[in-house]
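Subject: Handing over a structure, with notes

Dear colleague,

I am passing a structure on to you, and below it you will find my notes on what came out of it. Please keep the picture open while you read, and look up each residue as it is named.

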Amino acid sequence: AWWLAAGDGRLLETRRSGGGGGGRSGRGFGTMAAPASGPARPSADRDIVETTTTSAPPTGVGYKSASESDLGKVWRCEKVRDFEWRARCLGLDKNPEAAELLRRMLRCTEELNEIGDALARGDAEPKWWLGGDYDARRAEECNDAGAESFKAKRFGEAFDRFTEAIRSWPSRPVYHANRASAALKLGRCEVAAADCEEALRLDPGSAKVAARCATALQKLGRYEQAGERWRQALACDPQSDKAVAGLRACRELEAEAERKRVEEAERSEAGTRTGLPIRGVDGDWGDRLYSLTEMLDRCGGQLSALLSVAEALIMCRRYPDAVRRLDEAEAAAGGRTSEIAYLRAEIAWRGNG
């Protein structure tokens, strides 16, 4: 039997001997035919698991006016009750495996109802891979194709195949980890870090994925987070030379970044900051802003780069965006320097002029 925690992207899969998982139709307990003379369907207060109950579906809501969240609650609660009824019909109400499966379904139902409510309120966003046709066999085929493309150094193609594998079966951590490898080869470190985080959520004990995540975070200049992942890799595999070397390098890079941050803050406070060299741009501030923003993306939010972008935004009369960049600059400098104060004054003057 299978249970899809759709709002979270998790798939809870259990299979009985001789049975099989499946796509949306599902095979196993969920589709067992009940005996002709089986017991009546149990009511909500006669669950196999007496200590756990599902949330009651919303009442007094017509189908035409019901939200997707309400309809989802009704559907999930009915599926849980149907599972319990079929288990009773087959004499499995005292079976430990069936009872444990029902407990897990009940927990997932509660979590899904909470997720549905959060989505309806706008407090959460659905995962990017949701809404596909879940198919374990297709997922394996896509993953195998991605692995072949990766070996052939066709990393873009591999990335696309791993993406299809995740959409087809998002609960397998290896698909997320594989896509992270392809993303790193393509220089897409943000994607690689996010994929690794998802893989680690599903399988926290993978030293290889933790190290991969640390590498991506390190390339993004997030040294504190990278250090945490290197330490996680060491906790999973204390003999990992790669993790030891990675953690050492991360500490050195973090110390160097802090030294540069202090130097830039001191120059900014003194008002002696040297402007960033700009190549291939003329006096047009729109072109200059584009080039400086590209530089900022590559240098990991350095103070001097943030101030240069803020100057260009001011000249382009994009004052709200300039204020946001100056807020980032204050965070990077650890406070308001004289140059930041000057640029804020420029915004106040030009914005009111």
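Among contacts in the protein chain between residues at least 6 apart in sequence, 60% join residues at least 24 apart, where contact means heavy atoms within 4.5 Å. Please bear in mind that this is a predicted model, in which local features need pLDDT of at least 70 and side-chain atom pairs count only at pLDDT 80 or more, while totals for chains, interfaces and linings use all residues. Residues are numbered from 1 along each chain as its sequence is written, and side-chain values use heavy atoms, with hydrogens and water left out.

The protein chain has 13 helices and 2 strands; these are DSSP runs, with helices being H or I of at least four residues and strands being E of at least two, numbered from the N terminus. Of the 353 residues in the protein chain, 41% are buried, and here buried means under 20% relative accessible area, exposed means over 50%, and partly exposed is in between, with a 1.4 Å probe and protein chains only. The protein chain exposes about 19,500 Å², of which carbon and sulfur atoms supply 49%; accessible areas come from the Shrake-Rupley method with a 1.4 Å probe, and for residues only the protein chains shown count as cover.

A helix pair

Two packed helices are described by the angle between their axes and the distance between the axes. Helix 5 (residues 173-185) packs with helix 7 (residues 207-219) at an angle of about 35°, and their axes are 11 Å apart; axes are lines fitted to C-alpha atoms, for helices over the stretch in contact, and angles run from 0 to 180 degrees between N-to-C directions. The crossing of these two helices is left-handed, which is the term used if the near helix is turned anticlockwise from the far one by less than a right angle. Helix 5 brings A177, N178, A180, S181 and L184 to the contact, and helix 7 brings V209, R212, A216 and K219. By class, this contact has 5 nonpolar, 2 polar and 2 charged residues, where Ala, Val, Leu, Ile, Met, Phe, Trp, Tyr, Cys and Pro count as nonpolar, Asp, Glu, Lys and Arg as charged, and the others, Gly among them, as polar.

The nonpolar cores

In soluble globular proteins, nonpolar side chains tend to be buried together. The largest nonpolar core here has 27 residues, and V209 and W230 are those with the most contacts inside it; such a core is a set of buried Ala, Val, Leu, Ile, Met, Phe, Trp, Tyr and Cys residues joined through side-chain atoms within 4.5 Å. At least two residues of this core come from each of helix 4 (155-168), helix 5, helix 6 (189-202), helix 7, helix 8 (223-236) and helix 9 (241-270), and helix 7 gives the most, with 7 residues. Not counting residues up to four places away in sequence, V209 touches A177, C196, A199 and L200. A second, separate core has 22 residues, including L289, L313, L326 and I347.

Single residues to look up

Although A182 and F162 are 20 residues apart in sequence, they are 8.5 Å apart in space, C-alpha to C-alpha.

P173 also lies in helix 5, but P173 is partly exposed, with a relative accessible area of 25%. Beyond four places in sequence, P173 touches A199, L202 and D203.

C189 is placed in helix 6 and counts as buried at 11% relative accessibility. Apart from neighbours within four places in sequence, C189 is in contact with L184, A216, K219 and L220.

Finally, two loop residues deserve a look. K153, in the loop between helix 3 (136-151) and helix 4, has a positive phi of about 65° although it is not a glycine, and K153 is exposed, with a relative accessible area of 64%. R317, in the loop between helix 11 (303-315) and helix 12 (319-333), is a residue other than glycine with a positive phi near 65°, and R317 is exposed at a relative accessible area of 67%.

With best wishes
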